[in-house]
Amino acid sequence: MNGFLSNLCLRTSELVDSVLAVVLHRHRPLGHVRRWRHPLGYRPLVDLSTKEERHVIITYRLDRATILELCAQLEPDLMSAIRHPTGIPPQVQVLLVLHFLASGSFQTTVALASGMSQPMFSNVLARVLSALLKHMRSYIVFPQVEDLPIVKGDFYALGHILNIIGATDGTHVALPPQE
């Protein structure tokens, strides 16, 4: 009886697979999982050349010249990501990540607005952030200990606020004293 039930279950499973194959018109081996692709493919909706400078700064928090310089510097690291004709150009990758970082939005929102899936944007984000980390020292500079009195004096002259040693896009960051 036990052999009969297992044989029946096996045949039922084969029957279900056969029916699904006919219904879905699939012409691939059973067990093969087909990956979902975005139906529209990738459509480059991000174009820096058509935007006004004011809009560029609002959207990306950087001016056009700085963005182009950053794109040129990161291009060698991002070119390896383009494997086929639907690959995303390095400049578009950088613009998408800059917009994501500037807006504080969600990956899904930025991805959909740019015409790609969230997993695809997640890969772009990881690649661009890795490339940025390689070049971080060229953009983020902290003053040396011996320069602190001069820097504090310069900031006091600008805004009459004591003990300021740096600024980031108008954001106040409290640094606790090191012991």
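I took helices (H or I, at least four residues) and strands (E, at least two) as DSSP runs, numbered from the N terminus.

The model is predicted: local features need pLDDT of at least 70, side-chain atom pairs count only at pLDDT 80 or more, and totals for chains, interfaces and linings use all residues. Residues are numbered from 1 along each chain as its sequence is written, and side-chain values use heavy atoms, with hydrogens and water left out.

Next I checked burial. Of the 179 residues in the chain, 21% count as buried. Buried means under 20% relative accessible area, exposed over 50%, and partly exposed in between (1.4 Å probe, protein chains only).

I then looked at contacts, meaning heavy atoms within 4.5 Å. Among those between residues at least 6 apart in sequence, 50% join residues at least 24 apart.

**Helices α3 and α4**

How do α3 and α4 pack? Helix α3 (residues 64–79) meets helix α4 (residues 90–103) at about 115 degrees, and their axes are 8 Å apart. Axes are lines fitted to C-alpha atoms, for helices over the stretch in contact; angles run from 0 to 180 degrees between N-to-C directions. From α3, the contact residues include Ile-67, Leu-68 and Leu-70. From α4, they include Pro-90, Val-94 and Leu-98. By class, I logged 11 nonpolar, two polar and one charged residues in this contact. Ala, Val, Leu, Ile, Met, Phe, Trp, Tyr, Cys and Pro count as nonpolar, Asp, Glu, Lys and Arg as charged, and the others, Gly among them, as polar.

**The aromatic pair**

I found one aromatic pair in the structure. The ring centres of Phe-100 and Phe-121 are 5.5 Å apart and their planes stand at 65 degrees, so the pair is edge-to-face. Rings of Phe, Tyr and Trp (its six-membered ring) pair if their centres lie within 6.5 Å; planes under 30 degrees apart count as stacked, over 60 as edge-to-face and the rest as tilted. Phe-100 sits in α4 and Phe-121 in helix α6 (residues 118–134), 21 residues apart. Phe-100 is buried at 15% relative accessible area. Phe-121 is buried at 0%.

**Helix α5**

Which residues of α5 are buried? In this helix (residues 107–114), they are Val-110, Ala-111 and Ser-114. The cover over the buried residues of α5 includes α4 and α6. On the face turned away from the buried side, I noted Leu-112 and Ala-113 as exposed. Gly-115 follows α5, and its phi is positive, near 85 degrees.
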